[in-house]
Amino acid sequence: VKKAGRDGVMLYNSEFTKNLLKKVELQNSLKEATKNEDFEVYYQPVINLSSKKVIGAEALIRWYDSNTNAYISPEKFIPIAENHGMIYDIGRFVRKQAFEDLLIILNSYDPNFIMSINVSSKEFFQDEYIKDLLTMMKDFSIDTKNIELEITETHIMKNSDLAIKILNKLKENNINLAIDDFGSGYSSLNYLKKFPISKLKIDKSFVLDMLKVEDDRLITQTIINISKIFKVKVQAEGVESKAHEFELMQMGCDLSQGYYHARPMPINDFLNFLEGRNK
Ligand code: C2E
Ligand code: CA
Ligand code: CA
Ligand code: CA
């Protein structure tokens with residue numbers, strides 16, 4: 001780059017260029033990984049607070065980028081995948097892997113186990129999504145009672161007419177729907193009444209500090225109360241200690257997910273975890 005010294009041009013030699021290059025490299029790396037299905041799906045247990053039993057798991061994608069030799073957080077690469085069209089293949093990969101692993105769990109642990117799968121709004125609002133999902137469930141002989149979709153409320157509210165259509169279609173097909181990160185987006189309570197929502201997940205940003213920050217505790221309690229009014233299950237995520245869990249139980253929370261019980265783990269570790277808890 002010539003003309004160095006002029007403000008606009010300075011940019012080219014700077015952090016800006018480096019960051020842009022890094023971004024493009026990451027995009028390409030992710031494209032490659034998507035093509036090769038170079039991901040793993042980890043599972044984090046969901047515990048029923050009254051029975052202490054593991055009643056389900058959340059499927060969480062993992063990507064080890066061999067170009068940078070590092071795990072890249074899904075918080076970082078899922079948005080890239082959403083913006084560059086890889087999310088559909090990634091979503092399908094996660095679904096397929098999670099269904100395959102779910103079948104093992106249903107046979108070896110509990111026929112009522114519930115697998116929760118994160119759905120990007122991009123997928124959710126795609127025409128073929130539900131059809132695709134139902135076909136895949138049929139192929140794997142998986143019953144609707146054994147799966148649950150997690151979607152963030154922000155995404156639902158943003159596109160309400162289409163969202164209502166899709167939500168109704170999910171209802172017709174008895175698909176369980178959890179509202180992820182509840183409390184951190186738009187707070188319209190209307191859809192809780194109208195739609196087939198089976199669970200609210202309290203965002204971990206509230207749960208993590210609820211023992212220290214009074215506001216977070218109040219928000220957590222409020223979400224639990226809302227869940228009772230609308231007769232849906234409520235689950236806390238980010239439960240990192242026994243003290244958190246004890247408090248949540250007192251507050252009337254149904255389900256718990258967090259490092260206190262286990263971090264997300266590969267299927268074999270998860271099966272061992274289940275077996276250990278069963279003894
Ligand atoms: P999320 O759906 O809110 O998932 C919960 C996140 O909290 C996970 O991060 C999980 O590892 C983390 N977590 C669980 N327990 C604790 C705890 O006790 N303490 C703390 N500090 N964190 C805890 P992860 O796996 O890094 O995923 C981040 C986000 O990436 C997810 O947030 C979700 O939005 C997205 N994501 C992950 N997998 C998928 C996927 O398969 N598809 C889509 N569309 N998004 C995904
Ligand atoms: Ca989730
Ligand atoms: Ca969440
Ligand atoms: Ca989140």
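Some ground rules first: residues are numbered from 1 along each chain as its sequence is written, chains are lettered from A and ligands numbered from 1 in the order in which they are written. In this predicted model local features need pLDDT of at least 70 and side-chain atom pairs pLDDT 80 or more, while totals for chains, interfaces and linings use all residues; side-chain values use heavy atoms, leaving out hydrogens and water.

**View 1. The calcium ion (ligand 2) and its protein donors.**
E58 (OE), N118 (OD1), E150 (OE) and D180 (OD) lie 2.1 to 2.3 Å from this ion. Donors are N, O and S atoms within 2.8 Å of the metal (3.2 Å for Na, K and Ca); water is not among the atoms, so sites may look incomplete. Along the sequence, the donor residues follow the spacing E-x59-N-x31-E-x29-D. N118 sits in strand 4 (residues 114–118) and D180 in strand 6, so this pair ties together parts that are 62 residues apart in sequence. Strands (E, at least two residues) and helices (H or I, at least four) are DSSP runs, numbered from the N terminus.

**View 2. Aspartates bridging calcium ions.**
D180 bridges the calcium ion (ligand 2) and the calcium ion (ligand 3), which are 4.0 Å apart. D181 bridges ligand 3 and the calcium ion (ligand 4), with 3.7 Å between those two ions. Ligand 4 is coordinated by D181 (OD) and D181 (OD), at 2.7 to 3.0 Å. You will find D181 in strand 6 (residues 176–182).

**View 3. Helix 2 meeting helix 3.**
The axes of helix 2 (residues 15–35) and helix 3 (residues 74–83) come within 10 Å and cross at roughly 80°. Axes are lines fitted to C-alpha atoms over the stretch in contact, with angles running from 0 to 180 degrees between N-to-C directions. The two helices are therefore roughly perpendicular, a label for angles of 65 to 115 degrees. L26, Q27 and L30 of helix 2 touch K76, F77, I80 and A81 of helix 3, where contact means heavy atoms within 4.5 Å. These contact residues divide into five nonpolar, one polar and one charged.

**View 4. The lining of the largest cavity.**
Y88, R92, R95, E123, Q126 and Y129 form this lining. Helix 4 (residues 87–108) supplies its largest share, three residues. By type, the lining holds two nonpolar, one polar and three charged residues. Asp, Glu, Lys and Arg count as charged; Ala, Val, Leu, Ile, Met, Phe, Trp, Tyr, Cys and Pro as nonpolar; and the others, Gly among them, as polar. A cavity is a set of points on a 1 Å grid over the protein atoms alone where a 1.4 Å probe fits but cannot get out, and lining residues have an atom within 4 Å of a point.

Definitions and conventions
Angles under 35 degrees count as roughly parallel, over 145 as roughly antiparallel, 65 to 115 as roughly perpendicular and the rest as oblique. On a 1 Å grid over the protein atoms alone, a cavity is a set of points where a 1.4 Å probe fits but cannot get out, and a pocket is an open set with protein on both sides within 12 Å along at least five of seven lines; lining residues have an atom within 4 Å of a point.
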